[in-house]
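Reader: Please show me the structure, and then let me ask about it piece by piece.

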Amino acid sequence: MSNMNNGNVQERIIEGHKTGGLVLFIVIALYVLAIPGMGVFAAYGLWFMNIACILWLCLGWILLLGLKVLKPNEALVLTLFGKYVGTLKGDGFFFVNPFCTAFNPAAATKLGQSGDVGKNDAMSVVVSGTNVKAAEIASKKISLKVMTLSNSKQKVNDVLGNPVEIAVAVMWRVKDTAKAVFEVDNFKEYLSLQCDTAVRNVVKVYPYDVTDNVDTTGDGESDDGSLRGSTEVVAGKIRDEIQSKVVDAGLEIVDARITYLAYAPEIAAAMLQRQQASAVVDARKLIVDGAVGMVELALERLSEKNTVELDEERKAAMVSNLLVVLCGNHDAQPVVNSGSLY
C-alpha cells in the first residue's frame, strides 16, 4: 500500500520482483504440457483436469501482462484499479500483478528536449487495422536520466524596460516518480511553464549591460550586475527559481545555462549605434590621454637639453600642432619651414 502524508502520495519502491524470467519459463512450460495433457486426461476420464488445461490455455496468457522490462535509469509507476501500488526502478525483468497498469500522464508530451522518444521508438505498427505508434506503448516508462529542456526564445523587458530576447537550457531529472505523476497534471508541461516564468522573473531584475545606479542584488546599493556580464549569476538564480517551483512535482533542477541573449530586433540597431558611440568615445579618450603625455614628455626633454628656447606662445603652437598630429584620423602633411623660427 502507498504511504499518504497530508494528502500527498509518497513514492514506494517495489522490491524483490525480478522474477520475470522464471514466470515466463513456467508459463511457456505449462502451455507446452497443457496441450498433450488434455488428451491424456480425457483418456483416463479425468475431466476436471481436462477442464483445468482448457482454462489454462484460454486464460494463462494473462500472467504475461505482468512481465515488465526496465533498462537502467527507467521507472514504471503502477496502479491497481486506480490506486497507486508502487514504482519499479532499476534494470531487470520484473513480474508484478498482471492487473496493474502503468500510469504516466506525460507519456505523449514531446518537448524540445533530450530524453523524449527517439526515432526508433516512433515506428508505427498496425493493430486491428488502426495505426498505433509503438512509442505510445512503451512511453509509459519514466526516464530518470538527466534531460535537457531548451524552450524557445522569450522576449522580456530588462530592469530598464529594454526588450531582450533570451533562451535558457535547463538540465533536469525526475527525483520522485509518485509526485511527478500524481501531484501535477503533466510534469513536462508544468516544468516548461515554470521555466518560462522563472526566466521572466529573474531577467526583469537585471539590465542588459552594466548600468549606473541599478541594484541587482537587493542590498540597496548599486552594483555592476548585468545579463551580459553576469551570466553565471543570472543562470544560478534562474535555476534556484525553477527549483523552488517544481520541488512539489518531484523534479530536480541540475543546472541552467543561458544559450541565447540579445536585444530585441526593434531596438537592436539603436543599441548597436549606442555601443559603437561609447566605444568611439572611450577610444578617443585613450588617444587624447596618450597624446597629452607625449606632448608633456617632448616639452620636458627640449627644456632639459636646452635644445631650443620657446616662449609661451610658441609652446602653445607646438602643443597644438603635436595634438593635431597625434589625435588626427589621417596622417599629417609635413610643412618645411625654410625661414627663421620667429
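Author: What follows is a set of questions and answers on this structure.

This is a predicted model, where local features need pLDDT of at least 70 and side-chain atom pairs count only at pLDDT 80 or more, while totals for chains, interfaces and linings use all residues. Residues are numbered from 1 along each chain as its sequence is written, and side-chain values use heavy atoms, with hydrogens and water left out.

Reader: Is I28 buried, partly exposed or exposed?

Author: I28 sits in helix α1, residues 20-43; helices (H or I, at least four residues) and strands (E, at least two) are DSSP runs, numbered from the N terminus. Buried means under 20% relative accessible area, exposed over 50%, and partly exposed in between, with a 1.4 Å probe and protein chains only. The relative accessibility of I28 is 46%, so I28 counts as partly exposed.

Reader: What is the area of the nonpolar surface patch that includes I28?

Author: A patch is made of residues with over 30% relative accessible area and no salt bridge, where nonpolar side chains (Val, Leu, Ile, Met, Phe, Trp, Tyr) are joined within 5 Å and like charges within 9 Å. Accessible areas come from the Shrake-Rupley method with a 1.4 Å probe, and for residues only the protein chains shown count as cover. L24, I28, V32, W61, L64 and L65 make this patch, and its area is about 530 Å².

Reader: Which element gives the largest share of the lining of the largest cavity?

Author: A cavity is a set of points on a 1 Å grid over the protein atoms alone where a 1.4 Å probe fits but cannot get out, and lining residues have an atom within 4 Å of a point. Grid points are joined across faces, edges and corners, and a volume is the space filled by probe spheres set on the points; the largest cavity has about 60 Å³. Two elements give two or more residues to its lining, α5 (187-203) and β13 (163-174). The largest share, 4 residues, comes from β13.

Reader: How many residues of that lining are charged?

Author: Asp, Glu, Lys and Arg count as charged, Ala, Val, Leu, Ile, Met, Phe, Trp, Tyr, Cys and Pro as nonpolar, and the others, Gly among them, as polar. The lining includes L149, N151 and D196. It divides into 7 nonpolar residues, 3 polar and, as for charged ones, 1.

Reader: What is the phi of F81?

Author: Most residues other than glycine have a negative phi. F81 lies in the loop between β4 and β5 (83-89), and at 74% relative accessibility it is exposed. F81 is not a glycine, yet its phi is positive, at about 55 degrees.

Reader: How far apart are the closest N and O atoms of K71 and E74?

Author: A salt bridge is a side-chain nitrogen of Lys or Arg within 4 Å of a carboxyl oxygen of Asp or Glu. K71 is exposed, with a relative accessible area of 51%, whereas E74 is buried, at 14%. They form a salt bridge, and the closest N and O atoms are separated by 3.7 Å.

Reader: Which residue in strand β14 does R239 pair with?

Author: R239 is partly exposed, with a relative accessible area of 26%. It forms a salt bridge with D255, and because R239 lies in helix α6 and D255 in strand β14 (residues 251-263), the pair ties together parts 16 residues apart in sequence. Salt bridges that share partners join E232, R239, D240, D255 and R257 into one network. The partner in β14 is D255.

Key
On a 1 Å grid over the protein atoms alone, a cavity is a set of points where a 1.4 Å probe fits but cannot get out, and a pocket is an open set with protein on both sides within 12 Å along at least five of seven lines; lining residues have an atom within 4 Å of a point.
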